[in-house]
Amino acid sequence: MSWLSTTDHKRIGILYMAASLGFFCIGSALAALIRIQLARPDQHLIDPHLYNQIFTMHGTLMIFFVVAPFGLGLANYLVPLQIGAPDMAFPRLNAFSVWIFILGGLTVCSGLFAAGGAAASGWTAYAPLSELPVGAGAGQDLWIAGLLMTSISSVVTAINLLVTILLYRAPGMTMWRMPIFTWEMAATSLLILMAFPPLMTTLAILLVDRHLGGHFFDANAGGNPILYQHLFWFFGHPEVYVMILPYFGVITEIVSTFSRKPVFGYVGLVISAFAIAGLSMGVWAHHMFTTGEVSNPFFAGVSFLIAVPTGIKFFNWIGTMWKGSIELTTPMLFAIGFMLNFLLGGITGVMVASPPIDFQAQDSYFVVSHFHYVLVGGSLFAIVGAVFFWFPKFSGFRLSERLGTWCFGLLFVGFNATFLPMYEMGFEGMPRRVDTYANVGHLAVLNLIASGGAAIMGAGLVLFAIALVLAFVKRVPAGDNPWDASTLEWATTSPPPEHNFTELPPIRSEHPLWDAR
Amino acid sequence: MGAFDPGTSQGHVLLGDWQIFLWTAAIVGAIVVVLILLPLFLWRRRDGAAPARFQGNPPLEIAYTILPLLIVLGLFWVTLTRERRVEAQTPTPYAVVHVDAFRWSWRFVYPAEGVVVTGTPQHPPEMALPLGETTGIVLVSDDVDHSFWVPDFLFKRDAIPGFVNRFDLTPTRAGVFRGECAEFCGLGHTDMTFSVRVLPLPAYRAWLAAHRSAAP
């Protein structure tokens, strides 16, 4: 009962993360249905209207209710601890934001039980398709309402995090001594404040069009469908970085801890986070290269530039590992997996930023593979790694390293088997969002491999769940600082007391706990 | 991809872009993978490695900022020049085809020849193009966003209500090529396919004649 009314940032953080993982279970089950339907060519196990709902809900849940909010949940838990604060700046607002997030997710999911089914126009809900009454009934409205709720939650949390970071740091914790994860969350929060209000506007316009005869996106009445794409991607591309910047922070903390070395090029790493955030506001129309209605050279150029600060982060991580004392624990394995997967996601990102390549890759499985390499091979690997890294702090118990290693192995092999073939599928001409495909080229064998890989990933995720349950059964005490990490969250007990710290160590650098040795 | 032969002259330009990017990606990717994995073999805690204490190296940091910048500037130049060649349109195409996308099929109209081919999801339509000649395509949509995609040509372009998109296709290889809608458009999206038949000029004229008489 005390969890319902809590304003403790740590409990709110755990609620946020647990709810995200709950939505992740639904999203993963939907992904399994997609891979079953696509395992063989010309297969009709799932009716097309249901299939359209499945991939729409899969994308919507994973993006709006898993990858982005898990980062916010983690930040809720960690940022006050990392800067030596007793709580977030606005604890009650914080409680509001987590509950409206959960309510938003349930609202979107409730569409599955609506007459006519859930939203079925893709997670991008392109107008005018999303404005048609057929195939976009109450489910589409519930989708809009749920997204509005979670957008409010994100904006409120972003304000809360920024105020906390700016005003609630402990004595000695200057901005340039903040852990990288906290810095990345500052950049993420700024991006949320810039990106989510346009999304809410777009959703509101969609509602006006659907119910009040707005015709904003209806070409037959003088409206403009391209406007919808501009508005959506003006939110949508910064959102991609809302879904990856927190995890850059996670990886940095893990790599530094298990290399026993301070972060290499700290200032450059911080600047690169804000460079990415800034540039990401000017690349949205690279999602529109094939519309013929945008300045392709401009958006291609800015998109290429993002590779520079992203590359800097790779060199920061490599520099941190260089001549370190490396320990391959489960979190470190996930960090390495993140780097390898995200590297391929980033490189193919540079490719699709080139319009001549995009003319083939756009809306094909090539792009599907590209963004799964970023958001699954990248963000999701960081999420699982973060759980293995901070779980001892959250609960006071250790997770099994043996299960962790197996979980990593299965996820890494399964992930690559699922998504690597998709690059070739896209190049051979398989469009995304089709419920079946003809047996041409190598599509049959590639899809079969992908579905097999998905099964392996599923096994890895089951092991992850088993590891979490076993930790609470076995209750092996973790101690305050099991990994010998350097940042302040490890200076207090596991789990921390309600007001976090009884006393703080002196803070003279960005790794105060190593200074004390 | 080396043996892949795109079906149009525009496609050959596009394939060149793919190849340049793939080679750059392979080289850069291989170097970074080696750099990520090398420390795992050289400096392990279980082998008693003591961590160094350095936290930065300004000349190196500047180098790894400038070098990627130069690479992407090079790629940007490749992109600019190639896209310009693909988007170039001749003022005097051999033929003009109006392509009309609708839920869930296509209508191909040859205005000068009086030929109209309308498909259905169950009976996808066929479009003929003359081999070695440039055809101007005029692309529109009746209802929602669609996208005209011929994978063998390495090219797609969106059909958006209220907008007209124009581009050229110059086939360099005879044959029948698969076409599909790439932009999700609802229930029949999967079935919104078509085919492109590239024919030598005499056969192309015969195709036009046959379809003119068959037109309703």
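B:H146 has B:A159 in β7(B) as its bridge partner. The model is predicted: local features need pLDDT of at least 70, side-chain atom pairs count only at pLDDT 80 or more, and totals for chains, interfaces and linings use all residues. Residues are numbered from 1 along each chain as its sequence is written, while chains are lettered from A and ligands numbered from 1 in the order in which they are written.

**Strand pairing**
- Helices (H or I, at least four residues) and strands (E, at least two) are DSSP runs, numbered from the N terminus.
- Strands pair if DSSP finds at least two bridges between them.
- β6(B) pairs with β7(B), residues 155-159, in the antiparallel sense over five bridges.
- Four residues lie between the strands of this hairpin, where B:L154 takes a positive phi near 55°.
- β6(B) also runs antiparallel to β9(B), residues 175-181, and two bridges join them.
- B:E180 in β9(B) stands opposite B:W149.

**Burial of β6(B)**
- β6(B) spans residues 146-150, and five of its five residues are buried (20 or more other C-beta atoms within 10 Å of the residue's own, with C-beta atoms placed from the backbone).
- B:S147 and B:W149 point one way; B:H146, B:F148 and B:V150 point the other way.

**Contact with chain A**
- 60 residues of chain B are in contact with 67 residues of chain A (C-beta atoms, placed from the backbone, within 7 Å).
- The elements of chain B giving two or more residues to this side are α1 (9-42), α2 (58-87), β6, β7 and β9.
- This side of chain B has 36 nonpolar, 11 polar and 13 charged residues.
- Nonpolar covers Ala, Val, Leu, Ile, Met, Phe, Trp, Tyr, Cys and Pro; charged covers Asp, Glu, Lys and Arg; the others, Gly among them, are polar.

Conventions
Buried ≥ 20, exposed ≤ 12 C-beta atoms within 10 Å, placed from the backbone. Contact = placed C-beta atoms within 7 Å.
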